[in-house]
Protein chains: 2
Amino acid sequence: MKEGPAIAPVAALLGDPARANMLGALMDGRALTVSELAEAAGVTIQTASGHLSKLEAARLVAAEKQGRHRYFRLSGPDVAQVLEALMGLAQRTGAIRVRTGPKDAALRAARVCYDHLAGERGVALLNGLARQGLVTGETELALSEEGRAFFQCFGVDVARLEKGRRPVCRACLDWSERRLHLGGALGATILSIVVERQWGRRDESRALVFTCDGLAAFNQAFRLTSEDSPERSLA
Amino acid sequence: MKEGPAIAPVAALLGDPARANMLGALMDGRALTVSELAEAAGVTIQTASGHLSKLEAARLVAAEKQGRHRYFRLSGPDVAQVLEALMGLAQRTGAIRVRTGPKDAALRAARVCYDHLAGERGVALLNGLARQGLVTGETELALSEEGRAFFQCFGVDVARLEKGRRPVCRACLDWSERRLHLGGALGATILSIVVERQWGRRDESRALVFTCDGLAAFNQAFRLTSEDSPERSLA
DNA sequence: CTCATGGTTCGGTTATGATCGAAGCATGAA
DNA sequence: TTCATGCTTCGATCATAACCGAACCATGAG
């Protein structure tokens, strides 16, 4: 007697500890890479890749390619809802909380993404520019008239940027903040300004360490306020 | 990184076809014996017994001994809710609907979800009650003052329902309609009324077959109009 | 170009668990 | 008592799939 869709195949996907851990890591809506998910699940990258293929085939997760990375996210809120419900059921038997690994705080605060600023400061930058109406759009970003004037004043040769093949503004997905930050020619220019004025320096990794004065100057230059900063994810 | 209870062990239980079939057979809220569940799952009694032991240990099902028989039922409405939600996921992800036929159509029209009404009629019921302002809220449903009066008039002891531990109104996601229908103590009461007044009868599956007169009486009793019925889902 | 890195695919090993036969209990009927 | 039925436990078989090493592919950096 077949009744409705067969739940077993889907449930079996959720029933493997490695896959369940990966999905749990994606529960907050962020998009994570294969490597990060592999670490979260405690398996090698090959194994994680195989698991993610199955999850993607079942449309439980969706993937976006970005440069050399592949970012996975839950395919929709309904998936998270089912996971939530399953946690409720699991609590009856016994609630288990898994270990939490502290990540590099500096990387999350500010880092270089290819050639532009990412991390918390990068997200705050885009938030602030959008709030002031200097850039517009959601994922397809554009420089407004006010924005052109602002950056022109700032000493950026906007006309030259617009002549190039590369998009002036590009929304780049942030792995640490799960929000968009500013890429493109303008993003690269801003990073070069930050480095040039020695507001911060790049250490050996991709982390960008702001000086105390530099951070203040950065915030003032782009008129960023505390409301632009993404909420601190709980440790 | 915040982690909740580990879902993998529970999901793994649901991930076995034999166990999933047994749980599906219990979805109508009745209690079945080991033999019946073994037949429903297509396995021998020994195998079924082993599965049921695991399900009982995880508190997904509860057992009652009666003479030489042992009756198993779902341990609660929340289990049924998770199963329904999983069916929704399974369908959305392009699940293999093994057999589609008249039985499937009947299930979509009206069926029993644990102890309340689901399917097209169940969705229409909640729509109508919400349209009339008898129940309020989106996912967190509540009975309005008018609603209390309405059901009181109807012969429902609302005060008694409110005294119980179980929520009076509960929104349950429908796998066939992808809409919410009414669960909770009130939902269960309404189903019992439908059966009691012989507006419809339960067949051997979860389907609930309305009589022609019964359907009219049902619609009239809850003042449902055609606008309350969900649009026919395409293909 | 070369090198490094992120990710996928393949193959072989291993372990978990689903399954059923057979035997063992328990309950109720004769 | 003896027998029958409903169910559980034990033991052995067997299939699935999780896992990792190694090789391979693609992209970006230098």
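In chain B of this predicted model, three strands make up an open sheet with the order β1-β3-β2 and antiparallel pairing, where strands are DSSP runs of E of at least two residues and helices are runs of H or I of at least four, numbered from the N terminus, and where two strands pair if DSSP finds at least two bridges between them. Because β1 (32-33) and β2 (61-66) of chain B each have a single partner strand, they stand at the edges, and one side of each is left without a neighbour in the sheet. β1(B) is joined to β3 (residues 69-74) of chain B by two bridges, and B:L32 stands opposite B:F72 in β3(B).

The largest nonpolar core comprises 102 residues, and A:I7, A:L86, B:I7 and B:L86 have the most contacts inside it; such a core is a set of buried Ala, Val, Leu, Ile, Met, Phe, Trp, Tyr and Cys residues joined through C-beta atoms within 7 Å, buried meaning that 20 or more other C-beta atoms, placed from the backbone, lie within 10 Å of a residue's own. Helix α5 (residues 77-92) of chain B gives the most to this core, namely nine residues. Apart from this core lies another, of 25 residues, including A:L141, A:A185, A:F218 and A:L224.

DNA strand C is surrounded by 21 residues, of which A:T33, A:S35, A:Q46, A:S49 and B:T44 are the closest, a residue being near a strand if its C-beta atom, placed from the backbone, lies within 6 Å of it. The largest share of this surface, six residues, comes from α4(A).

Residues are numbered from 1 along each chain as its sequence is written, and chains are lettered from A and ligands numbered from 1 in the order in which they are written. Local features need pLDDT of at least 70 and side-chain atom pairs count only at pLDDT 80 or more, whereas totals for chains, interfaces and linings use all residues.

Notes: A residue is buried if 20 or more other C-beta atoms lie within 10 Å of its own, exposed if 12 or fewer, and partly exposed in between; C-beta atoms are placed from the backbone.
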